[in-house]
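Work through the following exercises with the sequence and the model in view, and try each task before reading its solution.

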Amino acid sequence: MITINKLDKHYGSQHALKSIDIRIAPGRITAVLGPNGAGKTTLIKCILGLVKPDSGQISVDGIRVNGESDYRRMIGYMPQLARYPENLTVSEIVEMICDVRGWSGSGKPDATTSSSDSNYSHKAHDTHNAHDAHDVNKTHNGHDLQNRHNTPTGLDWDLWHRFNLDSEKNKTFRTLSGGNRQKVSAVLAFLFRPKILFLDEPTAGLDPVSSSIFKDKILEERDRGTTVILTSHIMSEVQDLSETVVYLLEGRLHFERGVEEILAETGQKTLERAIAKKLDVSSGDNDEINEAIVFTEKIMTGGVL
Amino acid sequence: MIAKILKYQLRDVMRSKWIIAYALLFLIFTDVLFRFGGDGVRVVTSLMNVVLIVIPLASMILGAFYLYNTREYIELLLCHPVKRHQLFWGMFLGLALPMVLAFGGGVMIPFVYNGVGPEAWSAVLLLVFTGSALSVIFVGIAYYLALRFDDRIKGLGLALVICLFFTVIYDGLILFVIYLLSSYPLEKPVIAFSLVNPIDMGRILMLMQFDISALMGLTGAVFRDFFGTKMGMMIALVSLLLWLAIPVSAGLRQFLLKDF
C-alpha cells in the first residue's frame, strides 16, 4: 500500500505536483496516465526518494519516505531510459546490482540453462535455477546461498532466460542496442522479487515478442501479489494490463478510477476513446459553468435595469 | 557500500579510452623530456609547468563530462537501498582515484627506467603529490558544478571559465594590481591573494622545495621570504587542504539535496 498525502513539488517557478492525494492498493496494477509533462515521472520519483517534495507525506507499506534508503529494498524500478556504466559487460552490471542489494556472489545467471529449457512455469524454473547457482557459487562464496535459494525469495532469473540474454552477457553496455538495454533493465527490476514494481514506459523500444513476454511477466507478478505501478502512452497496453487508472493533468490528480468503471461510464470500448471522452466531458463541464455564469450575469443586470 | 560502488566504478573508468590516453600523455611527455637530455630534477621542473596547466583543465572537463554522462546511472543506483552520501563518495573516488593513478603512473614510469638518483626522486614525488592534490581539487569543483547546473552547456562552460581563471587570469589580475599600486607595500595582501588559488599554491610548494628562482612567476617571487620558512610551508599545506575539503563538501551537499 502506497499512501500519498497532499504532495506538493515545485521545480523553480514551475508547479509540478499540486497537492496530490492518492492511495495505491496492494496487489494490483495501477497505471499513472497523463499528457507529457503532467507530473507522472515526478510523482514516481517522489515515491522512490529521487525527488524531494516541498511538502506532503508519502508512505510505502507504512514506512515514511524521508530520506532513508532501506524501504527501497521492497522496490524494483525500471526507468524510461536506463544507462549503466558504458564499459561494464551485461553480466558485470547484473553482478554489481546484486552486490549493491546485498546478494554478493549470486550475481550470475546459470550459464548452463539454455533458453530452450526455459519453460514458462515459474516454480520449476526457480528450483532448477537455485540448484545450479548454488553449485556455481559453492567454491568461492557459498555460505548462505543455500538458504536463500531454497526459499521462494531467491533471485528471479525468469526474464533473463525468456529474453535469452545469455547471448548478450559478455557485451559491454556501450555496444548494446536500445531494446537490449531495456531488457537488461527489465531483468534487474524483477530480479529481487520486489513487493512493489515501478515501470516507467517499460515497453518503449521493445520488439513485439519481447514486449508480450514482458507483459505476461507483469501479469504473473501481479498474481503473486506484487503491486505494479506503470506509466505508458499506449492505451491498449494499459487496458490489457491495469486495473486502476490514475490520471494526472497539469500536476493535479484529475481522476482515479477502475478501468472497467471508466469504460462503463463513457460507454466506449477502448480505453483510449474512453479517456478522450472523459477529458472532453470534464472540459465541457467547464463550458457549461461558464455559460451559467454568463447567464446569471445577464439575468442580474437585466433585473437591475 | 562505498567500496562496492567504487569497485565497479574503477572497473568502468579504467577501461575507458580517455583515461588510458591521459596516462599515455604524461608517459610520453616525460619520456621525451628525458630523451632531450635532461637529468631527473630538470625534467621535474619542466614537467611542473605542464602539470600545473594540464591537470586542472583535464580534471575539470573530464569530471564534469563524467558526471553528466552518469546521470541516469546515479538515478538508477539511488533506487536501490543505497544512501546518497555513500553513492557520492563512490562516484567521487571512482573518478579521482583513476585520474591520480594515471597521472602518477604516467610520470613515474620513465623515472624508474631512467634510473634517476634520490634527489630527483624526492622532486618527482613532490610533483606527484601536488598533481594529485590538484586532480582531486578540480574533480571536486567539476562535480559541484555538474550537480549545481542541470544544463550541461552551462556547467561545462563554467568549468572552463573557472579553469582559465585560476591558470591564467588570476595571475594577470595580481600583476595588474601590483602594477597599479606599485608605490604601496603589497607583499602581505599578495600572499593572501595567492592562498586563494590552488594552482599558485601548488607552484609555491614546488618552487620553495627546489629554490629555482628563475622559474618563479611574480606571485611566486613575493612568497620567497614568507614561504621559505617552516611556518610558511605549513600555511601553504593548510590552505591546500582547505581547497581539498571545500569543493568536495559543497558537491556532497548538492548531491544530498538534489532532485534527480
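**Exercise 1.** Determine in which hand helix 3 of chain B passes helix 6 of chain B, and describe how the two pack.

*Solution.* By class, their contact has 26 nonpolar, five polar and one charged residues, where Ala, Val, Leu, Ile, Met, Phe, Trp, Tyr, Cys and Pro count as nonpolar, Asp, Glu, Lys and Arg as charged, and the others, Gly among them, as polar.

The model is predicted: local features need pLDDT of at least 70, side-chain atom pairs count only at pLDDT 80 or more, and totals for chains, interfaces and linings use all residues. Residues are numbered from 1 along each chain as its sequence is written, chains are lettered from A and ligands numbered from 1 in the order in which they are written, and side-chain values use heavy atoms, with hydrogens and water left out.

**Exercise 2.** Work out whether helix 5 and helix 6 of chain B are roughly parallel or antiparallel.

*Solution.* Helix 5 (residues 84-113) packs against helix 6 of chain B at an angle of about 150°, with the axes 9 Å apart. The two helices are therefore roughly antiparallel, and their crossing is right-handed. Their contact has 21 nonpolar, five polar and no charged residues.

**Exercise 3.** Describe how helix 2 of chain A meets helix 1 of chain B, and name the residues in contact.

*Solution.* The axes of helix 2 (residues 90-100) of chain A and helix 1 (residues 2-14) of chain B come within 9 Å and cross at roughly 165°. These helices are therefore roughly antiparallel to each other, and the crossing is left-handed. In the contact (heavy atoms within 4.5 Å), helix 2 of chain A supplies Glu92(A), Glu95(A), Met96(A), Asp99(A) and Val100(A), and helix 1 of chain B supplies Lys4(B), Lys7(B), Tyr8(B) and Arg11(B). By class, these residues divide into three nonpolar, no polar and six charged.

Technical notes
Axes are lines fitted to C-alpha atoms, for helices over the stretch in contact, and angles run from 0 to 180 degrees between N-to-C directions. Helices (H or I, at least four residues) and strands (E, at least two) are DSSP runs, numbered from the N terminus. Angles under 35 degrees count as roughly parallel, over 145 as roughly antiparallel, 65 to 115 as roughly perpendicular and the rest as oblique. A crossing is left-handed if the near helix is turned anticlockwise from the far one by less than a right angle, and right-handed if clockwise.
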